[in-house]
Amino acid sequence: MICPKCEYEYVEGIQECPDCGVQLVTREEFEGRLVHPEDWVVVYTCSDNIEAEMYKANLESADIETLILSQKDRSYPTVGDLAIVKILVRKNDVDSALEIIRDINRRTQNSEEAGNEE
């Protein structure tokens, strides 16, 4: 049995982590929760962490597990925004995620066009 929080392994019979107080899981359950790079696909890129977080919130509200990979290096200030922020979802959620992203972009574009007409 393994603690999903602190990742300590315990002998059979112990059901709760004495350090964290978290319910232990089997090795199979624990390994099933691990993040493997080959299981994830980039569905959207942008240059702004806030924009990426907003997309992530929308995707997660549709029960799509989402990761953000920011390649922004705050150690070296640069002119302009050269950072790339990637939004990744599991392979089996790609179609649903892309549909949601297209819908968001379509709504944003329609909203901007309506604002320009005024």
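**Entry 1: E7**

I started with E7, which is exposed, with a relative accessible area of 54%. For my own use I noted the classes: buried is under 20% relative accessible area, exposed is over 50%, and partly exposed lies in between, with a 1.4 Å probe and protein chains only. E7 sits in the segment before α1 (27-33). Its phi is near 65°, a positive value in a residue other than glycine. I kept in mind that most residues other than glycine have a negative phi.

A reminder to myself: this is a predicted model, where local features need pLDDT of at least 70 and side-chain atom pairs count only at pLDDT 80 or more, while totals for chains, interfaces and linings use all residues. Residues are numbered from 1 along each chain as its sequence is written, and side-chain values use heavy atoms, with hydrogens and water left out.

**Entry 2: the whole chain**

I then listed the elements and found three helices and three strands. From the N terminus on they run α-β-α-β-β-α. Here helices (H or I, at least four residues) and strands (E, at least two) are DSSP runs, numbered from the N terminus.

How much of the protein chain is buried? Buried residues make up 24% of its 118 residues. The chain exposes about 8500 Å², and carbon and sulfur atoms supply 48% of that; the areas come from the Shrake-Rupley method with a 1.4 Å probe, and for residues only the protein chains shown count as cover. I also looked at contacts, meaning heavy atoms within 4.5 Å. Of those with a separation of 6 or more, 50% are between residues 24 or more positions apart.

**Entry 3: the cores**

Next I went to the largest nonpolar core, which has 14 residues; V43, Y44, L59, I87 and V89 have the most contacts inside it. The elements that give two or more residues to this core are β1 (40-46), α2, β3 (85-90) and α3 (94-117). The largest share, four residues, comes from α3. By a nonpolar core I mean a set of buried Ala, Val, Leu, Ile, Met, Phe, Trp, Tyr and Cys residues joined through side-chain atoms within 4.5 Å.

A second, separate core of five residues includes C3, Y10, C17 and L24.

Which residues does I87 touch? Not counting residues up to four places away in sequence, I87 touches V41, V42, V43, Y44, A52, Y55, L59, T66 and L67.

**Entry 4: α2**

Three of those names brought me to α2, where A52, Y55 and L59 are buried. They cover an arc of only 65° around the axis, which puts them on the same side of α2; the arc is that of the directions from the helix axis to the C-beta atoms. The face turned away from the buried side carries the exposed residues I50, M54 and S61.

I checked the helix span too: at 1.5 Å a residue, the 13 residues of α2 should span 18 Å, and the end C-alpha atoms are 18 Å apart, which agrees. The expected span is 1.5 Å times one less than the number of residues.

My last stop was the loop between α2 (49-61) and β2 (66-70), where A62 has its place. A62 counts as partly exposed, at 37% relative accessibility.

Is D63 buried or exposed? At 71% relative accessibility, D63 counts as exposed. D63 has a positive phi of about 60° although it is not a glycine.
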